[in-house]
Amino acid sequence: DEPVNGLDPDGIHWVRTLMRTLAAEGRTVLVSSHLMSEMALTADHLLVIGKGRLIADTSVDEFVRSSSQQSVHVRSPQAAELAALCRKAGATVVGPDAGTGPDVIEITGMDSAEVGKLAADHSVVLFELAPVRPSLEEAFMELTRDSVEYQAAGATR
């Protein structure tokens with residue numbers, strides 16, 4: 001339970017190395033923590049329990065990938081044209097110029113491979129194409145939203 005709580009950076013590194021060494025030997029290392037950033041750096045597999053029931057039993061990567069908050073960040077001199085193409089394909093697009101800048105769009109509903117292929121099929125020049133994944137903490141908050149007894153003031157359900 002919270003094995004790195006209160007440790008200095010060297011102590012945290014030592015504990016992480018110990019846990020990874022034990023796991024590499026084929027041992028199961030079970031760590032309980034509310035520090036999502038630490039779990040993102042340490043864990044390979046997650047068990048998430050809420051209100052006494054198992055909510056998730058999956059890899060960290062799959063857990064984050066399953067979040068609905070994924071999007072694609074694109075920078076292109078033809079951002080408006082690509083935005084129209086993506087909308088036509090059923091995606092949701094923010095930008096250009098909606099606070100993103102004249103050559104930047106954020107796309108949800110398509111992955112980066114789909115956006116890249118659509119751009120290539122229509123000869124749209126891309127300067128940047130990057131998947132935007134939520135943090136482990138953001139994915140955790142989304143998944144457990146309905147599985148907590150108490151919520152912070154202003155939290156949405």
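**Reading the model**

Student: Let us begin with one residue. Is D103 buried, partly exposed or exposed?

Tutor: D103 is partly exposed, because its relative accessible area is 25%, and a residue counts as buried only under 20%. Keep in mind that this is a predicted model.

Student: Which residue does the side chain of D103 meet in a salt bridge?

Tutor: A salt bridge pairs a side-chain nitrogen of Lys or Arg with a carboxyl oxygen of Asp or Glu, within 4 Å. Here the partner of D103 is R75, at 3.9 Å from N to O. R75 sits in strand β3 (residues 71-75), while D103 sits in the loop between β4 (92-94) and β5 (104-108), so the bridge ties together parts 28 residues apart in sequence. R75 is partly exposed too, at 30% relative accessibility. The pair also belongs to a network: salt bridges with shared partners join R75, D103 and E128.

Student: How many salt bridges does a search of the whole structure find?

Tutor: The search finds 8. Take the one between D61 and R133, at 3.8 Å from N to O. D61 belongs to helix α3 (residues 60-65), and R133 to the loop between β6 (128-132) and α6 (136-144), so this pair links parts that are 72 residues apart in sequence. D61 is partly exposed at 46%, and R133 is partly exposed at 39%.

Student: What separates E62 and R65 along helix α3?

Tutor: About one helical turn, as they are 3 residues apart in α3. E62 is partly exposed at 34%. R65 is partly exposed at 41%.

Student: Now a helix. Which residues of α4 are buried?

Tutor: Look at which way the buried residues point from the axis. In α4 (residues 79-88), the buried residues are A79, L82, A83, L85 and C86. They lie on the same side of the helix, because their arc around the axis is only 165°. Their cover includes β3, β4, β5 and α5 (112-121). After α4 comes G90, with a positive phi near 100°.

Student: One of those covering elements is β3. Is S71, in that strand, buried or exposed?

Tutor: S71 is buried, because its relative accessible area is 13%. Next, ask which residues touch S71 from elsewhere in the sequence. Leaving out residues up to four places away, the contacts of S71 are E106, I107, T108, A130, P131 and V132. One of them, A130, is 59 residues along the chain from S71, yet their C-alpha atoms are 8.6 Å apart.

Student: Next, paired strands. In what sense do β1 and β2 pair?

Tutor: In the antiparallel sense, over 6 bridges between β1 (residues 45-50) and β2. Find G50, then look across to β2: R53 stands opposite. This hairpin has 2 residues between its strands, and K51 has a positive phi near 50° there.

Student: Where is S123, and what is its phi?

Tutor: S123 is in the loop between α5 and β6. Its phi is near 55°, again positive in a residue that is not glycine. S123 is exposed, at 58% relative accessibility.

Student: And peptide bonds? Which form does the bond from G95 to P96 take, cis or trans?

Tutor: Start from the general rule: most peptide bonds are trans. The bond from G95 to P96 is cis, with omega near -5°. You will find P96 in the loop between β4 and β5.

How values were computed:
Residues are numbered from 1 along each chain as its sequence is written. This is a predicted model: local features need pLDDT of at least 70, side-chain atom pairs count only at pLDDT 80 or more; totals for chains, interfaces and linings use all residues. Side-chain values use heavy atoms; hydrogens and water are left out. Helices (H or I, at least four residues) and strands (E, at least two) are DSSP runs, numbered from the N terminus. Buried means under 20% relative accessible area, exposed over 50%, partly exposed in between (1.4 Å probe, protein chains only). Contact means heavy atoms within 4.5 Å. The arc is that of the directions from the helix axis to the C-beta atoms. Two strands pair if DSSP finds at least two bridges between them.
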